[in-house]
Every structure is written in C-alpha cells, then in structure tokens.
Amino acid sequence: MNIIFMGTPDFSIPSLKILLKSNHKVLAVVTQPDKERGRGQKVSYTAVKQFAVENNIPVYQPEKLKGNNEFVEQMKSLNPDLFVVVAFRILPKEVFEIPKFGSFNLHGSYLPKYRGAAPIQWALINGDEETGLTTFKLAEKVDTGNIYLQEKVKIYPEDNFETLHDRMSGFGAKMVLDTVDLIDGGDYELKAQDDTLASPAPKITKEICLIDWNKPALEIHNLVRGLSPYPVAFFLHNNKVIKIYKSEIVKGLNLNPGAIRQTKTELFIGCGKGALQILEIQQEGKKRMNTEEFLRGFR
C-alpha cells in the first residue's frame, strides 16, 4: 500500500515508525506548519516533521486544508492508496476522499465514547477504569466514521495522562499496521457507530485546569491525573499560580475546602469531601519539585 501519513505530536511517532518498517510504502508525511516558540522565538518542528526529516521522508505542511487546491493537487499527484491519520487536524471531504481506499484515523478512545480533541484526558478526569483505541474510516462529521478495529485499554490507579498516553501510543501503532493490512487484504467488514452512546471529549481549556476545592477529593485527584504533566491542574494562592502534578487521596482527615495543613515534609489541602495530600508541585516562576523540597523554601 502506498501511504501518506498525517500527524503532529509524539503520539503519532510509533505509528509512523511501524509503517516505515512494514512492507508498505510511506510516500510522504503531512504535519502542522513550523512554529516560533519560547523566548527567543526559535522556529521548531513538530515531532512528526523531526522524525520525517531524520528518515528522509518528504514533508508537506499546509497552512489550511479546506479550499486549498494546491495541496489537493499535490496529494493527488502522489497517487496514494491510503491516508493514515494519527493526531492531526480535521480533514475536509475534498482531502480525505483523495486516496483509492479513502482515509482512516486512530482515535484514543473506544468509540463512540469520547468523541473530540482530548479523549485520553477525559477518561482519566472522569475516573474511568478502562478506555480504548479505535481505527475508523473518515467521514464528514468528526469521529463518527465506521469502525475497522477496536481494542480496550486498562487504566491503572497510578496512571496519569503521560503514562496512559505513552502506553496507548504503543498499542495504537500495532492497531494502525493491522488496519492497513486489513484494508490491503480486502477481507473486512466496517461496523457503524451507535450515535446514542456518544459522549464529548472537548479540548482542555484553562478554565477546566483550575481546581475547585469544593469538589470531592476523588474528583480533584482525577483532574490532577488527567492533566499531568500537561497542561497541569492548578490553583491560585496569594495571586500566584500553583500547579499540582501528583496527589493522593487522604482518608480520615477533615479540613475545610481549600484549607491547607502542612508539616515540615507534607502538604494537605481540604476538599468538599475528604482531603488531598500533594506529592508534586510547582510554584509560579519555580521548577517542578516534590512537596518536601517545595516546603523547605515556602510557607
């Protein structure tokens, strides 16, 4: 199969790697345009572009996809059999219908649950004990296409966004190759999604990251897990942003919501129900550290 791979972040890399090592051919990658980042406004590549450059794969970086006739013609000229999409942008119909066998996407949930931009985060924030991965044929409505393959993924109590993301990225790569092989073989049946079972997984905003100490400890703990190490749950203390990377639910400790109790090495914060022990923390303008280090220089 002649494949064009579309993706942007680290999550995409294992899938691109596995295709590169397979008997299929990666003709090119499509990724987000370069961006100026940091204080020096240095131009930086996406993770997918970095990998593509290192492996001599042609790279396309369209500013826009809809109504971009030049990009459409470029893609058609490569004569692809299939577009494989892993953590990229929403493709318009004029793009996803270009290849002979259409386009499929790897999505980080057991669809139709968690349609949207942040499925892994929301599974953790909602305290789920399992999530999943799905490959589906692209359709006009986001995350609604018919399903090729699905696999459930266990969520462990100690998981945060980073650990679950990395594990799912690895599992997803195998599923991507299995899906390409399935399409290549031609012996498969697509399964329609049940829209009545769909739930949203919207983009994570700053408002979602702000901790409300009136909520139960379990709910806040799951928020911390779902947003660690990025973009991180936070609260304000003396007009300073305090980020929490790791917490633990404390039983039998009663504190008013938002009330702080500390020892020389431990920090506890009251919640609407129960309390949390803060294990990893970062004050605005300082580095991330464990609580014992943090308390040495902060009262």
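Buried here means under 20% relative accessible area, with exposed over 50% and partly exposed in between (1.4 Å probe, protein chains only). The model is predicted, so local features need pLDDT of at least 70 and side-chain atom pairs count only at pLDDT 80 or more, while totals for chains, interfaces and linings use all residues. Residues are numbered from 1 along each chain as its sequence is written, and side-chain values use heavy atoms, with hydrogens and water left out.

**View 1. Strand β6 and its two partners.** Helices (H or I, at least four residues) and strands (E, at least two) are DSSP runs, numbered from the N terminus. Strand β6 covers residues 82-86, and five of its five residues are buried. Leu82, Val84 and Val86 point one way from β6, and Phe83 and Val85 point the other way. In a regular strand the side chains alternate between the two faces of the sheet. Two strands pair if DSSP finds at least two bridges between them. Strand β1 (residues 2-7) is parallel to β6, with five bridges, and Ile4 stands opposite Phe83. Strand β7 (residues 103-107) also runs parallel to β6, joined by four bridges, and here Val85 is opposite Asn105.

**View 2. The largest nonpolar core, around Leu19.** A nonpolar core is a set of buried Ala, Val, Leu, Ile, Met, Phe, Trp, Tyr and Cys residues joined through side-chain atoms within 4.5 Å. The largest has 62 residues, of which Phe5, Leu19, Val84 and Trp213 touch the most other members. Helix α6 (residues 161-185) gives the largest share, eight residues. Contacts of Leu19 (heavy atoms within 4.5 Å), not counting residues up to four places away in sequence, include Phe5, Val84, Val176 and Val180.

**View 3. The largest pocket.** On a 1 Å grid over the protein atoms alone, a pocket is an open set of points where a 1.4 Å probe fits, with protein on both sides within 12 Å along at least five of seven lines; lining residues have an atom within 4 Å of a point. The volume, the space filled by probe spheres set on the points, is about 1,500 Å³. Of 42 lining residues, Pro9, Ala87, Phe88, Ala117 and Ala118 lie nearest the centre. Elements giving two or more residues to this lining are β3 (35-37), β7, α5 (119-125) and α6.

**View 4. The second largest pocket.** This pocket holds about 290 Å³ of space. Among its 16 lining residues, Pro157, Glu158, His221, Lys246 and Ser247 are closest to the centre. Strand β11 gives the largest share of the lining, five residues.
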